[in-house]
Amino acid sequence: MVAPYRPLVPLALLALACGGSNGPAAPDTPAARTGAALVFDAARQQLVLYGGRDGSRFLDDTWSWNGRAWTRLASAGPGGRAYAIAAYDSDRQRVVLHGGLRSQGAVDDTWEWDGSAWSQVAGSGPSIRQHASGGYDEERHRFVVWGGANSAGQWLTDTWTWDGTAWNQATTGAPASQVLASPAVYDAGRKTLLMLVGGFSRGTTSLWEWNGAAWSVVGVGPVATMDAPLAPGGSSGKLLLVEHGATGATASPVWRWDGQQWSAVAGSAPPSRFGAAMAYDPVHDVVVRFGGMDNAGAAVGDTWVWDGSGWAEK
């Protein structure tokens with residue numbers, strides 16, 4: 001039996017919010033949400049946003065961001081959900097999405113976005129889970145999923161790979177002693193997937209990497225007390241981490257990893273958010289963060305962009 005799923009407290013706040021967002025979104029922007037998936041679609045040169053949750057509503061819409069504006073791509077998809085894991089399969093030019101939390105609980109299905117529509121590609125594989133970590137391993141041409149929590153709030157520590165046809169479970173379960181993890185980021189120089197995992201109740205994190213056969217520790221991560229989105233930092237650094245911020249904080253601490261050590265980024269910071277979606281846009285060499293839940297427990301729908309020197313709301 002794994003440790004209890006502690007971050008369910010913020011999820012309870014979402015349930016209490018019951019649609020409590022910061023007002024209606026404009027028709028040309030995604031509605032306020034937390035727990036959405038955000039992935040860069042290289043074939044179509046745009047970021048793709050899917051799903052999320054606003055209070056009691058699980059959203060099922062798909063949007064694109066071209067560096068200037070949002071465009072709705074589809075009003076229906078895999079079925080409204082939040083906290084799914086998604087990544088871009090550069091070999092087959094598809095966004096792959098697995099699992100997540102729906103109104104009936106966590107799910108275990110797998111879907112792909114081809115730029116115009118979603119299609120279900122597997123109804124089984126990794127067990128039911130939400131808040132899993134994962135990413136696309138470009139060296140081994142596999143979508144990798146690790147861990148997450150099941151509907152009972154129990155932590156999972158298994159690793160699975162998707163080759164576009166079938167799921168296969170890896171023999172390793174490490175990092176078994178850790179809990180909530182960031183999405184995984186592929187490092188072309190190291191030819192590995194990197195993810196930040198941590199015992200957030202202790203404020204500790206570690207950076208781990210997947211080499212196709214096993215997980216291993218790269219080093220100690222920055223102090224963090226809540227789950228934090230991780231993305232490639234582009235020309236400003238290998239990785240960029242934007243923390244939720246301590247209780248009552250108005251801004252999100254920002255950290256950068258240069259391949260050897262972490263350093264706090266001085267200057268402007270976006271507002272503190274839980275469950276924000278974040279991804280790197282290589283076309284414009286910026287990191288984009290969307291939505292999340294504010295300190296009052298309400299979903300928001302703001303877009304923030306990091307250009308390597310500072311943050312700006314778009």
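Modeller: Tryptophan 162 is buried, its relative accessible area being 1%, where buried means under 20%, exposed over 50% and partly exposed in between, with a 1.4 Å probe and protein chains only. This is a predicted model, in which local features need pLDDT of at least 70 and side-chain atom pairs count only at pLDDT 80 or more, while totals for chains, interfaces and linings use all residues. Residues are numbered from 1 along each chain as its sequence is written, and side-chain values use heavy atoms, with hydrogens and water left out.

Biologist: What angle lies between the planes of tryptophan 162 and tryptophan 167?

Modeller: Rings of Phe, Tyr and Trp (its six-membered ring) pair if their centres lie within 6.5 Å, with planes under 30 degrees apart counted as stacked, over 60 as edge-to-face and the rest as tilted. The structure holds 9 aromatic pairs. One of them joins tryptophan 162 and tryptophan 167, with 5.5 Å from centre to centre, and it is tilted because the angle between the planes is 45°.

Biologist: How far apart are the ring centres of tryptophan 210 and tryptophan 215?

Modeller: The planes of tryptophan 210 and tryptophan 215 meet at 45°, so this pair is tilted, and the distance between the ring centres is 5.4 Å.
Tryptophan 210 is buried at 2% relative accessibility, and tryptophan 215 is likewise buried at 7%. The distance asked for is therefore 5.4 Å.

Biologist: Where does glutamine 45 lie?

Modeller: Most residues other than glycine have a negative phi. Glutamine 45, although not a glycine, has a positive phi of about 55°, and at 45% relative accessibility it counts as partly exposed. With strands (E, at least two residues) taken as DSSP runs numbered from the N terminus, glutamine 45 lies in the loop between strand E1 (37–41) and strand E2 (46–50).

Biologist: Which loop holds lysine 191?

Modeller: Lysine 191 has a positive phi of about 55° although it is not a glycine, and it counts as partly exposed at 44% relative accessibility. The loop that holds lysine 191 runs between strand E15 (185–187) and strand E16 (192–199).

Biologist: Which residues does glycine 77 contact, leaving aside its neighbours within four places in sequence?

Modeller: Glycine 77 is found in the loop between strand E6 (70–74) and strand E7 (85–89), and counts as partly exposed at 24% relative accessibility. With contact taken as heavy atoms within 4.5 Å, and with those sequence neighbours left aside, glycine 77 is in contact with Tyr50, Asp60, Trp111 and Trp118.

Methods. Helices (H or I, at least four residues) and strands (E, at least two) are DSSP runs, numbered from the N terminus.
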